[in-house]
There are 2 protein chains.
Amino acid sequence: MTLRNEPLTAVFDPRLFRENSQTAVAQLESHLADLSIRGLELTDPLVLSEAARALMTTEHQSIARFDEKKLAAIIELYVRTGIQVHSPGYMGRQFSGTVPLAGVIDFVGSVVNQPSSFYEAGQLPSVAERIMADELNRFIGWEPGRFAMVTTSGGSLANLTALLAARNRAFPGIWARGETGGETGGPRPAIAVSEDVHYSVTRAAGVLGVGEARIVRLPVNRRRQIRADRAREAIAAAEARGLKVFCVVASAGTTPVGAFDPVDELADVAAEAGAWLHVDGAHGASLLVSDRLRRKLRGIDKADSLTWDAHKMMFVPAPCTLLFYRHAHEAIGAFRQRASYVFDEEPDAYHDFDGGDKNLECTKRPMIMPLWTLWAMYGRALFAEKIEYLCHLTEEAHRIVAAEPDFETPHSPEANILCFRYRPGGVEDEHVHHLQLQIRNQVRGGGRFFISKVDLDGVAALRVVFMNHQTTGEHFRMLVDEIRRIGAHLLTKRSGR
Amino acid sequence: MTLRNEPLTAVFDPRLFRENSQTAVAQLESHLADLSIRGLELTDPLVLSEAARALMTTEHQSIARFDEKKLAAIIELYVRTGIQVHSPGYMGRQFSGTVPLAGVIDFVGSVVNQPSSFYEAGQLPSVAERIMADELNRFIGWEPGRFAMVTTSGGSLANLTALLAARNRAFPGIWARGETGGETGGPRPAIAVSEDVHYSVTRAAGVLGVGEARIVRLPVNRRRQIRADRAREAIAAAEARGLKVFCVVASAGTTPVGAFDPVDELADVAAEAGAWLHVDGAHGASLLVSDRLRRKLRGIDKADSLTWDAHKMMFVPAPCTLLFYRHAHEAIGAFRQRASYVFDEEPDAYHDFDGGDKNLECTKRPMIMPLWTLWAMYGRALFAEKIEYLCHLTEEAHRIVAAEPDFETPHSPEANILCFRYRPGGVEDEHVHHLQLQIRNQVRGGGRFFISKVDLDGVAALRVVFMNHQTTGEHFRMLVDEIRRIGAHLLTKRSGR
């Protein structure tokens, strides 16, 4: 076989790369420049499949000739059918209206491809992780040089990893022999969580061999924050039932309403119980960088671990999750392994910067680079200003909707998430839930605004998450009007039947 | 608070985005055009940290003014200090010399930010996943419409997920109550794996509450493939000890040497034992797309699940892992959860395309897009030709090194991984190991070639992984010469002492 790779060489042609990039940049630039109010262009999956298949080459025997127009059509379809995170009409989820520069740096990483779990594989990402850890720890307050931070692929994986480290510390026999206490008559492992904790935490109990039935639910107050006083009781009751709560999980920004559990008090509760305190700050940890909002996480320096999604309120592409441990050695405790092709038996100067032994991932995206670059280029103020604006906007939206007699507001927002219901007089309790679902689907289908929904105490509520600083109170008023119009129409139709 | 977000608006300026992109594209273009032979420019982490810190703004009170030169310097440092996957001197790891177009599409995803686990969040990625699943299943051979595929963040996570699905099928009590058999006197869960299995698999036993001590090691032959006959015995012996092997793991391309376990025979062994057969094809599943090489995975249609890293030999940016299940319902079995803010109680037309209930991740990168786009634009031939070239090159390299009297070749390559040792006459057994480590470090430090090392039967070997079609046999000869020069020098120094 001779080196018959000319067609391959053409695929890797740097000039072709430039042309492809220019095509993409032109389309992205006009996408970013489009500040029209729009939600989601929801397409039937089968129709979209047809459209996608129509763009595919049917040639299988040799490498197809490149067709720049087809590439442009693919990019156009990709951009158009996505959630419009940069439009003021986007208010629906925790996905970021990312900073465009973050995308540019991610692009560099995609081309040079430095999957970073080991220093030699991604030197600058490894160093940037350490720098960002130090920068952000200034707002956490742990002892410099003693804590650890690893990046990982999403908040769910970070929560799982922290719970694993906690489990291994309290129940080392599980790792080695799968022994969870029942064999010896000892207490069984359990995790204490809020009613509103993210599903990845309860699911982790199933994954890690703890058992979903060993979840101890801690009651919440009207603001949907864990009640520390009741937490003590709940943990004591669980221990009386033969459980050992090895980890208490607090949320810094719950997913449903963005509530902040009292970390400071829960740290004391966890310490008294001899348990690890994990803080799921996937959504809300970013508030730490704001001098005005940091107080929401008071006591975070007493936590054992913290999940922090930079792809939410640090406005970088997903995933970029930071998992912090107060004690660096705990980070190693999550995983225990040696593989000669990646781990060196004779650690060198670089070993200390390797992250692979602290990650579930072996190959990992150099996800820190967009975050570090934004921080390097713009400084902390970029994040603080955007976060403060979004939280302020949420308060404004709350005032707007609270003043409307045909709406109800089941909570006061603590961050950038607001839930409310359209409920004019005369709507019976049993119809409220279904009405919100119908409204949400019609708003989504209308294509002007993108919002989500959540069940609170078993009843659906409409949910907005402000992630785009180009959204204003005026836009929210327009949404409220649209909801009222849709809701009133639905009620008229129903009473007309 | 008024809308004081003018500085923010400047950060999101579409023209600035275009300028930043042009800076990046120009640097990446010249990087891709540089075909010089080079390995790794290994830098002291502290020196690199200094360089990185020098590029950071010291402004913290307001958003810093943008400095395009600083951005260029960051990109330059990022590109220069990375593994040079597009250089012919890169022979060291399984990271891809990615197709540049794949990076361009990833870039689009980074800017429009459509984290895709749910249809509404990433419509085209959801559809593209389904299309690629069907396209690739043509080479697996499962029943269309009955199998499932999910994308996930790396092979380690895919292996964990498959083992979790297998565990839940065989031991449902673990998910619910953490019961692993000991309580009831029943058999305890165990996993049977090759001596050479990837560390993520054995580690998963620790994570999932099975226990690392419940790993049953299956012996390998001289080609380092699992011996199916001995596997039967080993599993029977384990069951006699009170274990229940619920999963047999075969590797399609082991990490150390790229060996392919006999999937066809192991499928029979697993079926007889009533166990799930998982194939870790992270490295080698891509050979399925080649008519010439597909036979290495004979019997794959009898497996229950398959891990396939497209970020290895499908040449897209990491991570892009495909996890296939023969039976779609098993994919749901890995995780069991409901969360009202993401899962709809009233499934609509889109629900069938949601992937979130089959993934550990909640927010997930739309990682299929680069792969689907390459497949759409170039067809299968792109992948088949590159893979065939790399495997052919590996055979050529094997012939080259086998003909050298001062080298030894402990295995015959089956894919694109080759291990060998520099061992001229007179080197005692006990010095061989250390000599290879020294050679590898000096080759790496020399900056011309990037290679890795692995322990085979406890003795280090040099390891090359051919991932770049721009590498030729001539380049490998140059590496052999360099190794000989370094090795001979090391031996002279030693005997001189």
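Trainee: What makes up the hairpin in chain B, and which residue in the turn has a positive phi?
Mentor: S10(B) and S11(B) form the hairpin, with two residues between them. Asp457(B) in the turn has a positive phi of about 50°. Both elements are DSSP runs, numbered from the N terminus: helices are H or I with at least four residues, strands are E with at least two.

Trainee: What should I keep in mind about the model?
Mentor: This is a predicted model: local features need pLDDT of at least 70, side-chain atom pairs count only at pLDDT 80 or more, and totals for chains, interfaces and linings use all residues. Residues are numbered from 1 along each chain as its sequence is written, chains are lettered from A and ligands numbered from 1 in the order in which they are written, and side-chain values use heavy atoms, leaving out hydrogens and water.

Trainee: What makes S10(B) and S11(B) a pair?
Mentor: Pairing requires that DSSP finds at least two bridges between two strands. S10(B) (residues 452-456) and S11(B) have five, in the antiparallel sense. Leu456(B) stands opposite Val459(B) there. S9(B) (residues 417-422) also pairs with S11(B), antiparallel, over four bridges. In that pairing Cys419(B) has Arg463(B) as its bridge partner.

Trainee: Why is S11(B) called largely enclosed?
Mentor: Buried means under 20% relative accessible area; exposed is over 50%, and partly exposed lies in between (1.4 Å probe, protein chains only). Six of the seven residues of S11(B) (459-465) are buried, so the rest of the structure largely encloses the strand.

Trainee: What is the strand order of the four-stranded sheet in chain A?
Mentor: The order is S8-S9-S11-S10, in an open sheet with antiparallel pairing. In general, strands of a sheet pair through backbone hydrogen bonds, either parallel or antiparallel.

Trainee: What makes S8(A) and S10(A) edge strands?
Mentor: Each pairs on one side only; S8 spans 407-408 and S10 spans 452-456. S10(A) pairs with S11(A) over five bridges, antiparallel.

Trainee: How do you know that H15(A) packs on this sheet, and what angle does H15(A) make with S9(A)?
Mentor: Contact means heavy atoms within 4.5 Å. H15(A) (residues 380-402) touches S8 and S9 (417-422), and its direction makes about 15° with that of S9(A). Axes are lines fitted to C-alpha atoms, for helices over the stretch in contact, with angles from 0 to 180 degrees between N-to-C directions. H16(A) (residues 429-446) lies across S9, S10 and S11, at about 35° to S11(A).

Trainee: Why is one side of S1(A) and of S3(A) left without a neighbour in the sheet?
Mentor: Take the order first: an open sheet of seven strands, S1-S7-S6-S5-S4-S2-S3 of chain A, with mixed pairing. S1 (148-152) and S3 (215-218) stand at its edges with a single partner strand each, so one side of each has no neighbour in the sheet. The twist averages 20° from one strand to the next. S2(A) (residues 188-194) pairs with S3(A) in the parallel sense over four bridges. H10(A) (residues 228-240) packs on this sheet, touching S2, S3 and S4 (243-251), at about 155° to S4(A).

Trainee: Why is the pair Phe107(A) and Phe107(B) called stacked?
Mentor: Rings of Phe, Tyr and Trp (its six-membered ring) pair if their centres lie within 6.5 Å; planes under 30 degrees apart count as stacked, over 60 as edge-to-face, the rest as tilted. The structure holds 29 aromatic pairs over all chains. In this pair the centres are 4.2 Å apart and the planes stand at 10°, so it is stacked. The pair crosses between chains, from H5 (residues 100-112) of chain A to H5 (residues 100-112) of chain B.

Trainee: What makes Arg203(A) sit over the ring of Phe335(B)?
Mentor: The rule wants NZ of Lys or CZ of Arg within 6 Å of the ring centre and within 35 degrees of the ring normal. Arg203(A) lies over the face at 4.4 Å from the centre. Lys386(B) lies over the face of Phe315(B), at 4.3 Å.

Trainee: What rotation superposes chain B on chain A?
Mentor: 180°, with 0.0 Å of shift along its axis and RMSD 0.0 Å. The copies are thus related as by a two-fold rotation axis.

Technical notes: Least-squares fit on C-alpha atoms with pLDDT ≥ 70 in both.
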